[in-house]
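Thank you all for coming; I would like to take a few minutes to walk through one structure with you. Please have the sequence and the model in view while I talk.

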Amino acid sequence: MNSTERLRIPAEIALAALVAYVLGFWFTSLFPGYLPKIGGLWSAISAIVVTQSTRKETTSSASLRILGSAIGAITSAIYLTLLPFHPLGMALAIFATVLLCAVVNIPSHGRLAAITVIVVMVTGSLDPKLSPGLNALLRFVESCIGTGVAMLGVRLWPGPVEKD
């Protein structure tokens, strides 16, 4: 890896995080009370997680992120609709989420799905008046924002020629 390559990847990640944060903050601020800083944070985290050193790796990471986030958001929304936040309940929801991923034969999605469960449940616990469904949907859309920014970034940023 040459010095240009060593700088490209950190610059891509930093720029993707910045753009995703701004877009996530803006999007979530459209929903009063739903924590725009969390929206920006979650979008930026998604951009960082998805951005990889090659387009092929980024695309693969993006699919993990989107499907994992969807599963985690649905699981946590169901839990929070039925029961209030509790750390043991969160652990149970994580267990169910990771088990679901294993049962449907996508075990590699389990970790990202579990992280989404934590984010949805903890943000929901900050203000129990928030709708669990809308909170989960916002966290999913924020993941999509960060993922989209990462995908666009690796497509637009000049990088090494990839071999399939």
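Predicted model: local features only at pLDDT ≥ 70, side-chain atom pairs only at ≥ 80, totals over all residues.

Let me begin with two charged residues, arginine 8 and glutamate 12, both of which are buried. Because they sit four residues apart in helix 1, which covers residues 3-29, about one helical turn separates arginine 8 from glutamate 12.

How many salt bridges does the structure hold? There are three, and another of them joins arginine 139 to glutamate 142, with 2.7 Å between the closest N and O atoms. Both of these residues belong to helix 6, residues 132-156, where they are three residues apart, again about one turn of the helix.

The remaining bridge pairs lysine 129 with aspartate 127, the closest N and O atoms here being 3.5 Å apart. Lysine 129 has a relative accessibility of 74%, so this residue counts as exposed, whereas aspartate 127, at 21%, counts as partly exposed, the cut-off for buried being under 20%.

I turn now to a pair of helices. Two packed helices are described by the angle between their axes and the distance between those axes. For helix 2, residues 36-50, and helix 5, residues 110-126, the axes come within 12 Å and cross at roughly 170 degrees. Angles over 145 degrees count as roughly antiparallel, and helix 2 and helix 5 are therefore roughly antiparallel to each other. On the side of helix 2 the contact is made by Ile38, Trp42 and Val49, while helix 5 brings Leu112, Ile115, Thr116, Val119 and Thr123.

Next, the cores. Which residues make up the largest nonpolar core? The core has 10 residues in all, namely Ala73, Ala77, Tyr79, Leu80, Met90, Ala93, Val117, Val120, Met121 and Ala136. Helix 3 (55-82), helix 4 (87-103) and helix 5 are the elements that each give two or more residues to this core, and the largest share, four residues, comes from helix 3. There is also a second, separate core of five residues, among them Phe27, Tyr34, Leu130 and Leu138.

Alanine 93, once its neighbours within four places in sequence are left aside, is in contact with Thr75, Val117 and Met121. Leucine 80, for its part, is found in helix 3 and, having a relative accessibility of 14%, counts as buried. With its neighbours within four places in sequence again left aside, leucine 80 is in contact with Phe85, Val120, Met121 and Pro132. Finally, leucine 80 and threonine 28 lie 52 residues apart along the chain, and 20 Å separates their C-alpha atoms.

Note on methods:
Residues numbered from 1 in each chain as written. Heavy atoms only, no water. Axes fitted to C-alpha atoms, helices over the stretch in contact; angles between N-to-C directions. Parallel < 35°, antiparallel > 145°, perpendicular 65-115°, else oblique. Contact = heavy atoms within 4.5 Å. Core = buried A, V, L, I, M, F, W, Y, C linked by side-chain atoms within 4.5 Å. Buried < 20%, exposed > 50% of the residue type's maximum accessible area, 1.4 Å probe, protein only. Salt bridge = Lys/Arg side-chain N within 4 Å of Asp/Glu carboxyl O.
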